[in-house]
Amino acid sequence: MTDSNKTATLTVHGKEYELPVHSPTAGPDVVDIRKLYGQAGVFTYDPGFTSTASCDSTITYIDGDKGELLHRGYPIDQLAEKSHFLEVCYLLLYGELPGAKDLETFESTITRHTMLHEQMQYFYRGFRRDAHPMAIMVGVVGAMSAFYHDSTDISDPHQREVASHRLIAKMPTIAAWAYKYHTGQPFVYPRNDLDYASNFLRMCFSVPAEEYEVNPILSRAMDRIFTLHADHEQNASTSTVRLASSSGANPFACIAAGIACLWGPAHGGANQACLEMLEEIGTVDRIPEYIARAKDKNDPFRLMGFGHRVYKNFDPRAKVMKQSADEVLDLLGVENNPKLQVAKELEKEALQDPYFAEKKLFPNVDFYSGIILEAMGFPTSMFTPIFALSRTVGWVSQWKEMIADPQNKIGRPRQLYLGETSRDYVDIEKR
Ligand code: SDX
């Protein structure tokens, strides 16, 4: 951060305090309150962290008003169109787009880490067949701590690097095997002659009884979906990974915590919830009923895939996803997909409604992704595992950045206490 010599003056109980102000390369200035409690004896209060920067970072920047998303300065729409997921992984991890040789080395390294320790299959067998694949992913990724002991020492940069590569490489296998276990079909091993997205599709959809040809249209669409979900500043799951990591916990346990947080319907679980909502709406004539429900303060229903803490304009990922939905369904010959029709009409009617305009609620990344994933053959239960698979590179990149930061310390928020003050124990006879 650049010290701008700017300060903010805060008056507390009649006394003034000068607080340093730091200026970013993009976005709002920050008021540094690290010494506030020591100087003024007061906390700040910000449930949900709506106005709080938890760290400094150089990885991803979002301009919510413009609807802009940059990964190391590169706009997401350019990366989605011109790059591919493993190149974006390199960019997020190392800060620059790789030259041809570095990219080849990186892709070869990731490819050769895609297999899981053979004994990890036994973890799957302990789950019910109808277990949600996110429950399996939380368990299996956490269990990686019990298998890969040679990459859990976070003080060793080499072990951090190996753990990063293992997590990015193995998540497609872990997610695909969760799907296969659910279907009762045998696990399919990764292949080193396939690219990342093709490998994942083949591990999900091929069966030993016949050859499986990867459809290049689906592989390109899959790769683009991975790219669109790769990282997103200090969202809830990334903040979970950072907080878990701040205690020095090993990377596998921390990423498992991130997966658990992502599962919620307010976060990464929204893609599954959105498709289920579109199914429930069914036809365009029922849209007004659901828009009315979303606006009704007494109805907990919300339009899933709509709204965002940071974007107060179109989520740029949703724009790319919407174009991709049209392309993929068209190329797959899926005409007049009812859910896509409902989604487009719902978007149109919602954006014309003053309630959504005033609250600046627009479609987010989860609004169209499920339509593409369903057309590709995935059940709704696999939507969030795919989000988790994609977001692993973001979690890992943010984790590496935090661990390497000399300012890194354990995260320990305070509170506004509203409970009982000190009182003496009362014996049961006197209660
Ligand atoms: C992701 O943070 C990230 O970057 C996340 C993510 C990532 O890549 O990591 O982008 C991925 O999680 C996208 C969001 C997916 N979630 C959903 O689509 C679920 C539906 N959306 C909402 O629940 C909500 O919009 C959130 C959770 C996304 C954001 O919530 P905020 O920022 O806490 O906003 P809020 O709940 O305070 O809402 C502000 C107002 C409220 O009305 P008032 O209390 O001011 O009267 O807008 C209303 C809300 O009731 N509102 C909605 C709404 N979203 C917000 N009303 C109807 N439908 C909605 N979807």
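Rings, cores and a ligand

Biologist: R414 lies over the face of Y37, at 5.8 Å from the ring centre. What makes that count as a charge over a ring?

Modeller: This is a predicted model. A charge sits over a ring if CZ of Arg is within 6 Å of the ring centre and within 35 degrees of the ring normal. R414 is 5.8 Å from the ring centre of Y37 and lies over its face.

Biologist: How many aromatic pairs does the structure hold?

Modeller: It holds 23 aromatic pairs. One of them joins Y148 and F252.

Biologist: Why is the pair of Y148 and F252 called tilted?

Modeller: The ring centres are 6.1 Å apart and the planes stand at 45 degrees. Centres within 6.5 Å make a pair. Under 30 degrees counts as stacked, over 60 as edge-to-face, and the rest as tilted. So Y148 and F252 are a tilted pair.

Biologist: What parts does the pair of Y148 and F252 tie together?

Modeller: Y148 lies in the loop between α6 (133–143) and α7 (157–183). F252 lies in helix α11 (residues 251–262). These parts are 104 residues apart in sequence.

Biologist: How do you know whether Y148 and F252 are buried or exposed?

Modeller: Buried means under 20% relative accessible area. Y148 has 8%, so Y148 is buried. F252 has 0%, so F252 is buried too.

Biologist: Why is the pair of F306 and F367 called edge-to-face?

Modeller: Their planes stand at 90 degrees, with the ring centres 5.2 Å apart. Planes over 60 degrees apart count as edge-to-face, so that is the name for F306 and F367.

Biologist: Where do F306 and F367 lie?

Modeller: F306 is in the loop between α13 (287–295) and α14 (316–331). F367 is in helix α17 (residues 366–375), and the two are 61 residues apart. Both F306 and F367 are buried.

Biologist: Which residues have the most contacts inside the largest nonpolar core?

Modeller: They are Y124, F200, M222, M277, M376 and F378. That core has 113 residues. Helix α7 gives the most to this core, with 12 residues.

Biologist: What about R309?

Modeller: An N or O atom in the side chain of R309 is 2.7 Å from a ligand oxygen atom.

Key
Residues numbered from 1 in each chain as written. Predicted model: local features only at pLDDT ≥ 70, side-chain atom pairs only at ≥ 80, totals over all residues. Heavy atoms only, no water. Phe/Tyr/Trp six-rings, centres within 6.5 Å; stacked < 30°, edge-to-face > 60°. Helix = DSSP H or I, 4+ residues; strand = E, 2+ residues; numbered from the N terminus. Buried < 20%, exposed > 50% of the residue type's maximum accessible area, 1.4 Å probe, protein only. Core = buried A, V, L, I, M, F, W, Y, C linked by side-chain atoms within 4.5 Å. Polar contact = N/O pair within 3.5 Å; in protein donor to acceptor, adjacent residues only side chain to side chain.
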